[in-house]
Amino acid sequence: MAAHRSGPLKQQNKPHKGGRHRGRGSAQRDGKGRLEMKILCKKVKKELSRIDQRHRANQLRKQKKEAVLAEKRHLGSKDGPPHQVLVVPLHNRISLPEVLGLLQDGDLGTVCLNECGNTHSFMLLCPQLKHRWFFTFAKPGDLHTVLDLAKVADTILFLLDPLEAWDSTGDYCLSCLFAQGLPTYTLAVQGVSGLPLKKQIDAKKKLNKVVEKRFPDDKLLLLDTQQEASMLLRQLANQKQRHLAFRDRRAYLFAHAADFVPSEENNSVGTLKISGYVRGRTLNVNSLLHIVGYGDFQMKQIDAPMDPFPLNTRVNKSQKDSSMAMEICAVDAVVNMEEDLKILMKADPNKQESLQAEVIPDPMEGEQTWPTEEELNEADDSVKQSSKVVKKVPKGTSSYQAEWILDEVDGSDGEGDEYDMEHEDFMEEDSQVESPEEEDEEECETMTTGESVRDDLYDEKVDEEAEEKMLEKYKQERLEEMFPDEMDTPRDVAARVRFQKYRGLKSFRTSPWDPKENLPQDYARIFQFQNFINTRKRIFKEIEEKEAEGAEVGWYVTLHVSEVPVSVVEYFKQGAPLIAFSLLPHEQKMSVLNMVVSRSPGNTEPVKAKEELIFHCGFRRFRASPLFSQHTSADKHKFQRFLTADAAVVVTVYAPITFPPASVLLFKQKSNGMHSLIASGHLLSVDPDRIVIKRVVLSGHPFKIFTKLAVVRYMFFNREDVLWFKPVELRTKWGRRGHIKEPLGTHGHMKCSFDGKLKSQDTVLMNLYKRVFPKWTYDPYVPEPVSWVKSETSSTVPEVDIE
């Protein structure tokens, strides 16, 4: 019989390991008490059975659901703060008086009018729903007021037009709100009932298509009748709250009333008494308080007056009109603060946070002592032990000059004599060649423009000086795009003097740069963390775990803030909102903030580095002059002269420390006082060691080309500059690399060696680098521009008179 042979697909089993098997005792003796990683992980993870895993998942789901329900029930209840609603009309055709009439109806609840300066707001108490709302109104043209109120609002109620949804002003307002971060919001349409019945369905369909671009998954509510207003209030009360990260870890307060007590020494500064409901976190009197737009201050004490808007208030019905269930609670703020006062807590000087924002520099701290003899001997020994390279150098060459001679075989000895013979002719030709600047000037003088019909009425509104400045900016931005970082070598100043702070780098990516080298004097005034990420984690962990002492969330309190300028109260009486945030540890100290921003698509005006801009960073608003740099993961970042529109840019400024996450908005103030949004983004880090490198590119043109040698002119204009920049590496636009061999003559011509033959149309470049720092122009005082806002928006949005 033929023997069976297995095919190629036969299963191959692992062979049995022969020999003596190890027992449990021998394995433990060899391990010497060490446990395997598998056993260690079991102890840490505590693996659960499948039934226990399901039970644990159900428990976590139940806890989250109860937390959401508890948050809903607490907001607007008798023990919690009122549900603050910001009403923003997004179109100039929307009638605010009609909306106010619907929301202030006596059938919904008790209405308490609260006149804080010119800010129209009212409190709505609804015992049936066991809820109380605080409504505030802001015009979309008053951008700073909208942004500040959105920082503290629980819900934003957007009022839409039934035909166009929003106009250009409303769309711009939405862009700013989306960039800052939206809390819970609701969309309501006013005016649908005023349309013909046949057009109402088509209007709703068109409106849904328009709204889907901004709010893809949200429903539209109608607001034309009293029943629809009641449904809207129920929707506001039952909505799930969206959280803003920068306010969840801080206590904040919206001022319902304010009083100013001037100091005895100076009437322009005094104690400010702010009354309002505590929100976010527990407010400690020993922490610092930041008033948005004005700066950081200390608190003296916290009082606990009676709540002026209790949920179970008595309703005084009028005898003449019994159907009217409205109680007008126009209560004087000063009387409220003086009656039934209860001091909650006073500041402890030993525990109170300091207002010190800057370090007082010591002029003797940077002094360097003379090295000792032992240190000098060690330095000499290290130099002697260093390896020495043998090179062939010309006679008379010093050791320092020999260090810069490269070991390359040029193979161009015969061409050097040819160049020496032609050098005299070349110098004569050079003296006859005109500079490109003179040629440009002659061309500019011969150009003519056609006459245009002048409109006197139009020219009266044009600022010629501003137009010239803007034209110059556009030219500079265009040149920067065409020739990045290129600069003409000055003729009146020596290049070694003009660029004495610059240096050459072998590689921008890999060459080292010490972050502590040649720091400016302003760096002696700022604070720096040893490890910013660990400090941020530790502070956030303490907030979550430790129980703070002070005014609890939902309490109506009066804060006594010391050393506040009187202008705060003046702007508050004019209608500007007064908002205060408590600061976390170290947030009053100055440092270097880095923010990642992207250019706003609707703004095309060139923005140059170190221009003064207005920042909205989290809860802060301030002025500063930033630097722009590339957003990369390297240790060095190239400086950008303009805010580019095609990529994200890192903005660097001197500003108080703020712990991320925090949104960032950049505004630029125009000549008429209006602020335009130019960029938005988020806070990246607080890091003074982030290196921003400015690059300058000097260009020259090859005059004579021999194989790998070339004569370059127009990069320098004297012999000393060529010798000064001789160690710096050269490159060309077509990828060649080389170095300067020697200067020729006294007019800045130089012989250069490259790694390949140059083309006549190529350009020789030299890269020089220096570290740059932002300007110290931080200004926390950015008041509300009330005057220009009213003049700009009075024609589009009607004034509301609640009385």
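Buried means under 20% relative accessible area, exposed means over 50%, and partly exposed lies in between, using a 1.4 Å probe and protein chains only. Helices (H or I, at least four residues) and strands (E, at least two) are DSSP runs, numbered from the N terminus. This is a predicted model, so local features need pLDDT of at least 70 and side-chain atom pairs count only at pLDDT 80 or more, while totals for chains, interfaces and linings use all residues. Residues are numbered from 1 along each chain as its sequence is written, and side-chain values use heavy atoms, with hydrogens and water left out.

With that in hand, take a look at helix α5, residues 143-152: ten of its ten residues are buried. Among them are the nonpolar Leu-143, Val-146 and Leu-147, but also Asp-148 and Lys-151.

## Two nonpolar cores

A nonpolar core here is a set of buried Ala, Val, Leu, Ile, Met, Phe, Trp, Tyr and Cys residues joined through side-chain atoms within 4.5 Å. The largest one has 51 residues, and Phe-158 and Phe-215 touch the most other members. Helix α5 gives the most to this core, with six residues. A second, separate core holds 42 residues, including Phe-540, Met-595, Ile-657 and Ala-679.

Setting aside neighbours within four places in sequence, Phe-215 is in contact with Phe-158, Trp-166, Leu-174, Phe-178, Leu-182, Tyr-185 and Leu-187, where contact means heavy atoms within 4.5 Å.

## Aromatic rings

Rings of Phe, Tyr and Trp (its six-membered ring) pair if their centres lie within 6.5 Å; planes under 30 degrees apart count as stacked, over 60 as edge-to-face and the rest as tilted. The count comes to 25 aromatic pairs. One of them is the stacked pair of Phe-532 and Phe-659, at 5.7 Å centre to centre with 5° between the planes. This pair links distant parts of the chain, 127 residues apart: Phe-532 is in helix α18, and Phe-659 is in the loop between β23 and β24. Both Phe-532 and Phe-659 are buried.

Phe-615 and Phe-622 are also stacked, with 5.3 Å between centres and 5° between planes. Phe-615 counts as buried at 0% relative accessibility, and Phe-622 does at 1%. Elsewhere, ring pairs link Phe-158, Trp-166, Phe-178, Tyr-185 and Phe-215 into a cluster.

## Salt bridges

A salt bridge is a side-chain nitrogen of Lys or Arg within 4 Å of a carboxyl oxygen of Asp or Glu. The count comes to 24 salt bridges. Arg-250 pairs with Glu-587, the closest N and O atoms being 2.6 Å apart, and this salt bridge joins two loops 337 residues apart in the chain. Arg-250 counts as buried because its relative accessibility is 3%, and Glu-587 is buried too, at 0%.

Arg-93, Asp-161 and Glu-164 are linked in a network of salt bridges.

## Cysteines

A disulfide is a pair of cysteine sulfur atoms within 2.5 Å, and the structure holds zero disulfides. Cys-173 is buried, at 0% relative accessibility.
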